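Good morning, and thank you for coming.

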Amino acid sequence: MDCASIDGCFLYAYSGNPDYKTGATQALFLQHVIRSLRDGGRCGIVLDEGLLFRTNEDAFVKTKRKLLDDCDLWCVVSLPSGVFTAAGVGVKTNLLFFTKGRPTRKIWYYDLSELKIRKKIPLMLSHFEDFLRLLPMRAESDLSWTIDVDERKRIAAEAARPLKEQGTAKSQQAAQWLQRVADLKKAKPRDDQAIEQAEATIKELTRESRDLAAKAKEIEDAVYDLKAVNPHKRPDVDTRTPEELMNIIETKGQEIADALGTLRRVNTFVAV
């Protein structure tokens with residue numbers, strides 16, 4: 001099915017009202033799939049990676065929360081870039097496998113992202129041999145790992161709790177100052193300066209409460225960043241010292257100077 005017909009499916013599927021409104025067709029389509037499955041129904045689907053890691057839009061977070069609450073997302077395969085380039089789709093994609101009817105407790109990941117896929121070097125079934133070997137036991141390897149969703153939720157809830165409590169306290173203080181303003185406005189004579197200061201305090205407390213709530217939400221929403229990040233992958237770190245780097249630069253500079261000298265001699269010889 002080509003991209004045009006896939007888009008057509010999105011539009012057809014959501015001619016009605018989606019669970020969470022958004023302009024992102026991948027989120028709408030996932031909502032449609034979840035809603036269409038019966039309990040016990042299984043699904044394997046290709047989705048672009050943006051859906052997995054994006055938490056900056058409410059509909060993305062709610063869609064993924066629904067996925068984890070209503071379905072057991074038991075496997076995510078991170079595919080290499082370029083898998084669907086020949087079909088006109090350049091975004092990085094992932095395979096998601098889930099079963100509806102029970103919540104997600106753990107997600108097993110497998111990483112194929114390091115494969116070099118080109119138009120003349122397509123993704124083949126042979127690339128999945130190790131994945132298929134490890135899948136039955138959800139075994140861990142250099143390319144596979146498991147995340148505990150319940151534990152992530154617990155850690156996030158603990159981190160967000162003090163921020164929520166502080167935000168509630170600020171909101172309560174703002175309510176007390178609001179009552180204070182009401183009393184000041186009834187007082188005779190009217191103290192406009194005191195009222196102005198109290199209203200400024202209310203504004204500041206409300207802003208602080210809102211900021212604390214936003215930080216708490218950001219922590220909780222981070223649970224739904226489901227991007228495959230291989231914990232076994234070691235970053236490439238350049239351990240060379242500044243002196244070693246300068247020596248390399250000096251050596252390369254000398255090589256360039258020698259090459260230029262050779263070219264000048266050759267050019268002089270040809271001219272003669």
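The protein chain exposes about 17800 Å², and carbon and sulfur atoms supply 55% of that area. Accessible areas come from the Shrake-Rupley method with a 1.4 Å probe, and for residues only the protein chains shown count as cover. This is a predicted model, in which local features need pLDDT of at least 70 and side-chain atom pairs count only at pLDDT 80 or more, while totals for chains, interfaces and linings use all residues. Residues are numbered from 1 along each chain as its sequence is written, and side-chain values use heavy atoms, with hydrogens and water left out.

Of the 272 residues in the protein chain, 32% are buried. Here, buried means under 20% relative accessible area, exposed means over 50%, and partly exposed lies in between, with a 1.4 Å probe and protein chains only.

I turn to the overall fold. The protein chain has eight helices and five strands, arranged along the sequence in the pattern α-α-β-α-α-β-β-β-α-β-α-α-α. Helices (H or I, at least four residues) and strands (E, at least two) are DSSP runs, numbered from the N terminus. Among contacts in the protein chain with a separation of 6 or more, 74% are between residues 24 or more positions apart; contact means heavy atoms within 4.5 Å.

In what order do the five strands lie in the open sheet? The order is 1-3-2-4-5, and the pairing is mixed. Two strands pair if DSSP finds at least two bridges between them. At the edges are strand 1 (42–48) and strand 5 (144–148), each of which pairs on one side only. On average, neighbouring strands of this sheet are turned by 20° against each other, direction ignored. Axes are lines fitted to C-alpha atoms, for helices over the stretch in contact, and angles run from 0 to 180 degrees between N-to-C directions.

Helix 2 (residues 25–36) packs on the sheet and touches strand 1, strand 2 and strand 3. The direction of helix 2 makes about 180° with that of strand 1. Helix 4 (residues 58–70) also packs on the sheet, touching strand 2, strand 3 and strand 4 (106–111), and its direction makes about 115° with that of strand 2.

Let us consider strand 2. In general, strands of a sheet pair through backbone hydrogen bonds, either parallel or antiparallel. Strand 2 (residues 71–78) runs antiparallel to strand 3 (residues 93–100), and seven bridges join them. Within this pairing, Asp 72 has Thr 99 as its bridge partner, and Leu 73 stands opposite Phe 98. Strand 2 and strand 4 run parallel and are joined by four bridges. Seven of the eight residues of strand 2 are buried.

Is Ser 78 buried or exposed? Ser 78, which lies in strand 2, is buried because its relative accessible area is 2%. The side chains of Ser 78 and Lys 92 are joined by a polar contact of 2.8 Å. A polar contact is a pair of N or O atoms within 3.5 Å; within protein, one must be able to donate a hydrogen and the other to accept it, and residues adjacent in sequence count only if both atoms are side-chain atoms.

Finally, Ile 219 lies in helix 7 (residues 192–221). Ile 219 counts as partly exposed because its relative accessibility is 28%. Its C-alpha atom is separated by 6.3 Å from that of Ala 160, 59 residues apart along the chain.
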